[in-house]
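At each stop, select what is named and compare it with the text.

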Amino acid sequence: MGGLPLDPGMMSARLDLEMRDDVSDGQGGIVPAFVPVTSVWARIEPVTLKQEERAGEEVFSVTHRLWIRFREDLAAGMRFRKGGRVFALKAFHDPDETRRYIVCACVEEGP
């Protein structure tokens with residue numbers, strides 16, 4: 001099987017890859033926190049937009065495909081950050097099984 005024809009120059013977004021690192025709240029609970037793992041270059045492709053109302057507020061979520069160079073350290077619960085934008089990692093796969101790229105299914109939520 002040949003590799004997918006993807007121009008690496010299309011990976012023009014610099015993202016921080018973050019992993020979950022919860023901290024104790026001092027009362028037996030946890031406070032969710034994230035720490036940076038590394039920075040990666042990515043291609044961001046918006047896929048769908050969903051708008052809804054929650055507690056009287058209009059909110060939206062956008063699903064994205066993020067193409068990055070192959071990594072073996074991705075795991076559920078990680079996320080990507082680009083400034084104030086956060087992309088929660090939901091799933092990922094090697095599209096042509098050549099270990100060149102990973103396609104990440106992510107959700108970006110906004111106010």
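**Before you start**

This is a predicted model, in which local features need pLDDT of at least 70 and side-chain atom pairs count only at pLDDT 80 or more, while totals for chains, interfaces and linings use all residues. Residues are numbered from 1 along each chain as its sequence is written, and side-chain values use heavy atoms, with hydrogens and water left out.

**Stop 1: the whole chain**

Show the chain as a cartoon. The secondary structure comes to zero helices and eight strands, so the pattern along the sequence reads β-β-β-β-β-β-β-β. Here helices (H or I, at least four residues) and strands (E, at least two) are DSSP runs, numbered from the N terminus.

Along its principal axes the trace spans about 55 × 30 × 25 Å.

Of the 111 residues in the chain, 29% are buried. Buried means under 20% relative accessible area, exposed means over 50%, and partly exposed is in between (1.4 Å probe, protein chains only).

Contacts (heavy atoms within 4.5 Å) are used from here on. Among contacts in the chain with a separation of 6 or more, 52% are between residues 24 or more positions apart.

**Stop 2**

Select β4 and β5. How many bridges join β4 and β5? The two strands pair in the antiparallel sense over 12 bridges; strands pair if DSSP finds at least two bridges between them. Pick Q51 and look across to β5, where its bridge partner is F60. Then go to the turn: the hairpin has two residues between the strands, and A55 takes a positive phi near 50°.

Stay on these strands and select E45 and R65. Their side chains meet in a salt bridge (2.9 Å, N to O). A salt bridge is a side-chain nitrogen of Lys or Arg within 4 Å of a carboxyl oxygen of Asp or Glu. E45 lies in strand β4 (residues 34–54) and R65 in strand β5 (residues 57–69), so the pair ties together parts that are 20 residues apart in sequence. E45 has 16% relative accessibility and counts as buried, whereas R65, at 37%, counts as partly exposed.

**Stop 2: R79 and E18**

By the salt-bridge rule the count comes to 10. Select R79 and E18, whose side chains form one of them (2.6 Å, N to O). R79 lies in strand β6 (residues 79–82) and E18 in strand β1 (residues 13–20), so this pair ties together parts that are 61 residues apart in sequence. Are R79 and E18 buried or exposed? Both are buried.

**Stop 3: the loop between β7 and β8**

Select D96, which sits in the loop between β7 (85–93) and β8 (101–110). Its side chain meets that of R100 in a salt bridge (3.3 Å, N to O). D96 is buried at 3% relative accessibility, while R100 is partly exposed at 31%.

R99 is in the loop between β7 and β8 too. Leaving aside neighbours within four places in sequence, R99 is in contact with F70, E72 and D94.

**Stop 4: the nonpolar cores**

A nonpolar core is a set of buried Ala, Val, Leu, Ile, Met, Phe, Trp, Tyr and Cys residues joined through side-chain atoms within 4.5 Å. The largest has 15 residues, and L15, I68, L74, F80 and C104 have the most contacts inside it. The elements giving two or more residues to this core are β1, β4, β5, β7 and β8.

Centre on L74. Not counting residues up to four places away in sequence, L74 touches L17, I68, F80, L89, F92, I102 and C104.

**Stop 5: V86**

Finish at V86 in strand β7. V86 is partly exposed, with a relative accessible area of 24%. Beyond its neighbours within four places in sequence, V86 is in contact with R79, F80, R81, V107, E108 and E109.
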